[in-house]
Amino acid sequence: MDKRKLSAVPRETATSDMLEIAGRLGSMKHIVTARTIEDNKILLLNFYEISELTKGKTEAAFRTFLSEDDYITQDLKQSKVKWLTASFDRMGSIKITEAHWDYKAHKYEHEDKVFIRSNEELQLISDFFEKYKDAESTDGYSYYYLPEPWCRIRKFQNMVMNRRLEKKRKKELDVVDAVMAPIKDPPQEFFDWIWETGMSFSRYVIYQEVGRGKAECECTYCKTTGVVSRKEIRLRNNETGQCPFCGSKVTFKAKGRLPSQTRDERWFIYVDPTEESFVLRYFHAVRNFRSPSFLESCLNKDMVEEHCAEFNREFCSFKDGKMIGQDYDWAVYKQRGLPRWCPAVPGNYDAPSNHCGSCVLYPENLPQAWEDTPLKYSALEVLSRNAPTKPIRYEDGMKEYLKFPKLEWLCKMGLNNLAADIINHSGHCVDVTGNTIYDILRLSKENVRVLQAVDGNRYELRLLQVAQSIGLRLSPEELSGFYETFECNTDLLKEAGRKVSFHKLIRYISKESENYPLGERHMCSSMYYYGASNRERVDPRIERKQNTARDWLEYLKWCKELKYDLNSMFIYMPNNFKKVHDRTMLEYQALQDKKAAAEKRRQEREAAKRMKQTQEALKTILKTNDGTDAFSIKGAGLILVVPKTGAEIKAEGEALHHCVGSYVQRVAEGKTNIFFIRKANEPEKPYFTMEWNNNKVVQCRGMSNCGMPPEVEAFTKAFEKKMLDSIKKGDTHGRRKKQDLQSA
C-alpha cells in the first residue's frame, strides 16, 4: 500500500447520530464506520472511542485500510503520521470482544466491544471479505467467539501476517542456504574413524558364571562368545581390562547386573576448509547397548545400535589475531516446519551449539584443512591422535593457542592430559609467560621427564612442583601411584611424620581397598546414560583406593584426637582396615559427645554467672520494687524477669516457638542480655522475650515471633528510657554494675 497516498485521504468525523447513541452502548469501547475507496479496492474502517464521543469529541482514534492482500492502521492520536502493522487481535488499544468467566456455566462468555454503526456498513464489510466466510484459520485456532464480520477479518489478517512472515524468513534463510551450499558430506573414512577409534572406549565383555571357576564371555566388539577361566582373567563388574578373545580394551559387565540400556556418546569435530577459512562441523555419535532381557521386548533384536548426525556448524574467521565464529544449528526454524540449518540463537539452552563444547577432533585431514590459517602449527591434531576418546573443548583450544602458542610444545611432548587441562581451564595451571618448557612447567629437566612418562595432568604437575620444592624425588611409578590413590594431596606429600615409604603406603591402601565399598562417589550404571555418558567411566578399583585413602587419612586424625600411639604399625596401618575404621569412628564420636557435653556445662555456668551479674546491675540501676523477688522488676501489670540459667532461656524458646534458645552461648560470652517479660498475675508463664544490647532493646518477640502489643511496647520503651537515664547520670556507685549491662 502507498502510505503517502493513504495518509492524504481526508479524515472523517463522527456524526451527531454517533454522538447521540454513544452514551447508550453500555460497556462497548468503539464505534466503527466503513466505506470503500480507490474504486472499491480498499476498505476503510474508522474506529471512534466511545469514551471520547461522550465528551463531544468527534475525531477518530484509528483508521485501518484493508485491500485484497494487505492491511495497515494509522494512529490518528499522534500529531505526526504513525503507521501500525499489527492485526486487531495484537493491538492493545482495540478489543473486538472481551472474555469473562461464567462461574455458574463453568465457561468463558464473550462480550462484544465494537459496534458497527449501521447494517449497511456491516454488510459492506462482510461482502468485502466474502471469500473468508468458510475459509480455514491459517494459525490452527478457532474463532467461533468472534461475531461476523470480525471472524472473516481475523482470518484475512492471519493470512497476510503469514505471507509477510514467510517473505521475511525466506530472505533470512536464503542467506543461510547460500552459506551452506558449498558444504559437502564428510568422507566415509571420518565415520569409520568415529566408530573404530573415537568410540573405542565403548566396548564391553558381558560375562556370566557357568561353572566352578569358569564364565561365559561375550565381546560386543569382536562378537566372540566363549568360556574362560576366572583364574586366568579377572572378571569384576564395571572394571576395565582386555578382551580374552581380541585383546582390545573393554569394560567387564556382569550379565545379571546389566541395566536395560547402556548409552555411550561423544561429540566429534570435522574441520572442513572453505574459501575464506574453515568450518567446524559438530557430529553427535551414540552407541546404545541393550541387555538380553530388554531385547526380548523389542522388535529389533540387535544388541548394539549406532547412529551419528551433524547438529552444528561454526564458520570461523580471524581478525586482529582472534578467532571469530558464526554458529548455525540443525533445528526447527522459528518453531515452524521441518528441521533445517538455522542461525544459532544465543541463550537457547536446548540448541545443539550449547551441548557440543567438549568433543573429539578428527585429526586425519589436519593440518591441511586449516593450512592457510594461524592454526596450521597448533599441533591440536597430535593431541587428538594421542587422546582419541578424550572430550576436550577444542574450540577453546584454538583460541588458547592464539594466546599461548607454546601449547604446541606440550602437544608434541605427549603431555596430552596437561594440554587438555590448559585448554579446558585457560592455562591456569602453568606459567604462560615462560620462555622455556621448564619455566612454563616450573619443573627441572628430570621432573619434566617424569611428567612425560605418566602423561600427567595439572594435579600431577602440582604434586611434582611441591615435591621439587621440598627436595623429594618421585619416580613415574610413585607419582602415578600416589595420585591414583591420594589424588592431589600435597599436605600428605609434605608430611615429615610419615611412618613408611610411599611404595609401602600405596601397597597397603591397594590391599585394603580390594573389597572396600564404593560409597557416594560411585556412579550407578543408569547415571551413565542420563548425563554422565560424555565421560569415560572411572575404574571401580581406583574409586575404591581413593575412598580407602580418604578414610585412612581421616582415621589418622581420629587416632591423634584419641591419643593413640601412631608409632605402632598395628595402629598406623591396621589389618582389616574397614572394621578398625568403623570402631575408631564410634570411639571418636563418643569423645566428641563428651567434649560437647563438657562445653555445654561450661556455657551453662558462664551464662548463670553472667545473668547473676546482670541481675545485680539491674537492682542497683532500677532499685528493686516492693513485692518482687530479687530477679523480677514490676511495671504496669508486667514484670521483667532475669533468667537464672541457660536452661531457662532454652525453655523460653521452646514455649514461645522462637530461637532465643540459641542465644545461650552469646549470653555466656557477655555479648548480649536476655530478659523475660511476664504478666504480673502469671509470673511463671512465658509471655514475651526481650534482647538488650548496645544500650537499646534490639528485639522483643512473643509466641512464634509475633510482634509486641501496645502495653508490651510501652513497657520496653519505659525500660529503655530508665536504663539510658541511669547510664547518663554516671554515678560512681553503680558504674561497675552499668558496665555489666553495657558490655554486651
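Q: What makes Arg266 count as lying over the face of Phe201?
A: A charge sits over a ring if NZ of Lys or CZ of Arg is within 6 Å of the ring centre and within 35 degrees of the ring normal. Arg266 lies 3.9 Å from the ring centre of Phe201, over its face. Arg203 lies likewise over the face of Tyr221, at 3.7 Å from the ring centre. Do keep in mind that this is a predicted model, where local features need pLDDT of at least 70, side-chain atom pairs count only at pLDDT 80 or more, and totals for chains, interfaces and linings use all residues. Residues are numbered from 1 along each chain as its sequence is written, and side-chain values use heavy atoms, leaving out hydrogens and water.

Q: Why are Phe88 and Trp150 called an edge-to-face pair?
A: Rings of Phe, Tyr and Trp (its six-membered ring) pair if their centres lie within 6.5 Å; planes under 30 degrees apart count as stacked, over 60 as edge-to-face and the rest as tilted. For Phe88 and Trp150 the values are 6.0 Å centre to centre and 75 degrees between the planes, so the pair is edge-to-face.

Q: How do you know that Trp193 and Tyr362 are an edge-to-face pair too?
A: Their centres are 5.3 Å apart, with 70 degrees between the planes, so the label edge-to-face applies.
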